[in-house]
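Here is a short report on one protein chain. Look at the sequence and the structure first, then read on.

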Amino acid sequence: MLQAALAGLLSGGAYALLAVCLVLLYRMTGTLNFALGAMGVFGTFVMFSLHEGGRPLGLAVGLGLLTSVGIGGLLGWAMARWFAEAPLQVRSSVTIAYLIALLTLGFWIFGTNPKPVPHLVGFGGVELLGLRIPFATLVTLGLAGLLALGVALFLQRTRAGIWLRALAERPTAAELLGVPVQVLTVGVWAFAGGVSALAVMLIAPNRSPEFGVLSLLVLPAMAGALVGLFRSFPLALVGGLGIGLIEGVASSLPIAPYRQALWFLVMLAALLWSQRKEVWDAAR
């Protein structure tokens with residue numbers, strides 16, 4: 001069971017990367033981005049197609065990442081241009097439209113047949129206390145930890161981070177004070193697109209390589225982000241990793257066929273925990 005739990009950390013690391021990006025977008029732009037997974041999947045399928053066509057893997061990965069960065073920047077520009085002052089519900093609904101548009105475009109361009117999936121970090125691993133940890137798991141965990149720490153430090157200790165915090169709290173006032181609101185919004189969305197593509201590229205060899213299936217990775221990532229109530233980067237990291245561990249343990253149990261839907265239980269538990277004060281107050 002321990003080995004199964006470790007195997008789930010690869011998925012957990014990818015969920016954590018996406019969850020941190022969801023928290024970043026929510027805190028900085030006030031948007032719950034349902035299209036985050038599809039943004040990354042689009043670049044991933046560009047990478048698949050280029051590699052299948054004989055391009056070197058490094059070039060294919062670079063162009064795939066740039067594709068997702070470009071898509072993220074374009075969607076962020078549209079959000080900043082037309083929905084900057086819209087309420088949370090409207091902005092989040094717009095991302096559902098983004099998701100549908102990306103799914104439609106992805107199916108049209110790449111088709112519905114599975115693609116050959118290259119392994120970015122090979123098949124090797126390390127032995128620790130009798131357990132084998134694949135390189136892909138170590139890389140994904142390392143990237144997730146660095147992202148959560150790096151984003152937190154960036155927001156606290158840099159001028160751009162201060163601008164982003166101002167943008168999150170008072171976008172109109174920040175713009176009046178000379179903060180480049182549109183540039184920062186586009187930058188955050190572009191960054192999230194690149195990170196989501198990297199997360200999907202790392203987890204794709206362990207999942208069905210279908211555009212729609214991979215795009216829905218945003219759902220367990222949202223459950224992970226909800227553990228931190230879309231505010232805490234460390235808790236989003238822990239939530240994503242925890243969901244991966246739960247999936248890994250479940251793979252050795254009779255509920256294995258349903259393990260990739262267990263994120264729903266994590267989301268339900270997080271919602272109940274967040275509402276505990278209101279329930280206790282009502283009980284008194």
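## Overall make-up

Helices here are DSSP runs of H or I with at least four residues, strands are runs of E with at least two, and both are numbered from the N terminus. The model is predicted. By that count, the protein chain has 13 helices and 2 strands.

The chain holds 284 residues, and 46% of them are buried. Its accessible surface comes to about 13,700 Å². Carbon and sulfur atoms own 70% of that surface. Take the contacts with a separation of 6 or more: 74% of them join residues 24 or more positions apart.

## The nonpolar core

Which residues touch the most other members of the largest nonpolar core? They are Leu22, Leu36, Tyr98 and Leu102, in a core of 67 residues. Helix α1 gives the most to this core, with 13 residues. In soluble globular proteins, nonpolar side chains tend to be buried together.

Leu102 shows what such a position touches. Neighbours up to four places away in sequence are not counted here. Leu102 then touches Ala35, Ala38, Met39, Phe42, Ile71, Leu75 and Phe211.

## Ser196 in helix α8

Ser196 sits in helix α8, which spans residues 181-203. Is Ser196 buried or exposed? Its relative accessibility is 0%. The cut-off for buried is under 20%, so Ser196 counts as buried.

Sequence neighbours within four places are left aside for its contacts. Ser196 is then in contact with Leu18, Leu36, Met39 and Gly40.

## Aromatic pairs

The structure holds 10 aromatic pairs. One of them joins Tyr26 and Phe230. Their ring centres are 5.4 Å apart and their planes meet at 45 degrees, so the pair is tilted. Tyr26 belongs to helix α1 (residues 2-29), while Phe230 is in the loop between α10 (218-227) and α11 (233-250). The pair therefore ties together parts that are 204 residues apart in sequence. Phe230 is buried, at a relative accessible area of 10%.

The rings of Phe45 and Phe48 also pair. Their centres lie 5.2 Å apart, with planes at 55 degrees, so this pair is tilted. Both residues are in helix α2 (residues 36-52), 3 residues apart, which puts about one helical turn between them. Phe45 and Phe48 are both buried.

Most residues other than glycine have a negative phi. What is the phi of Leu229? It is positive, at about 55 degrees, although Leu229 is not a glycine. Phe230 has a positive phi too, of about 60 degrees, and is not a glycine either.

Leu229 and Phe230 are both placed in the loop between α10 and α11. Leu229 is partly exposed, with a relative accessible area of 46%. Phe230, by contrast, is buried at 10%.

Pro234 lies in helix α11. At 51% relative accessibility, Pro234 counts as exposed. The C-alpha atoms of Pro234 and Leu149 are separated by 7.9 Å. Along the chain, these two residues are 85 residues apart.

Where is Val121? It is found in the loop between α4 (88-110) and β1 (125-128). Val121 is partly exposed, with a relative accessible area of 30%.

Val121 touches Phe135, Ala136 and Val139, residues up to four places away in sequence not being counted. The C-alpha atoms of Val121 and Thr137 are 9.5 Å apart. In sequence, Val121 and Thr137 are 16 residues apart.

## A nonpolar surface patch

Which residues form the nonpolar patch on the surface? They are Phe264, Leu265, Leu268 and Leu272. Together they have about 410 Å² of accessible area.

Leu272 is in helix α12, residues 263-274. Its relative accessibility is 57%, so Leu272 counts as exposed.

Notes
Residues numbered from 1 in each chain as written. Predicted model: local features only at pLDDT ≥ 70, side-chain atom pairs only at ≥ 80, totals over all residues. Heavy atoms only, no water. Buried < 20%, exposed > 50% of the residue type's maximum accessible area, 1.4 Å probe, protein only. Contact = heavy atoms within 4.5 Å. Phe/Tyr/Trp six-rings, centres within 6.5 Å; stacked < 30°, edge-to-face > 60°. Patch = residues over 30% accessible without salt bridge, like charges linked within 9 Å, V, L, I, M, F, W, Y side chains within 5 Å. Areas by Shrake-Rupley, 256 points an atom, 1.4 Å probe, with all protein chains shown as cover. Salt bridge = Lys/Arg side-chain N within 4 Å of Asp/Glu carboxyl O. Core = buried A, V, L, I, M, F, W, Y, C linked by side-chain atoms within 4.5 Å.
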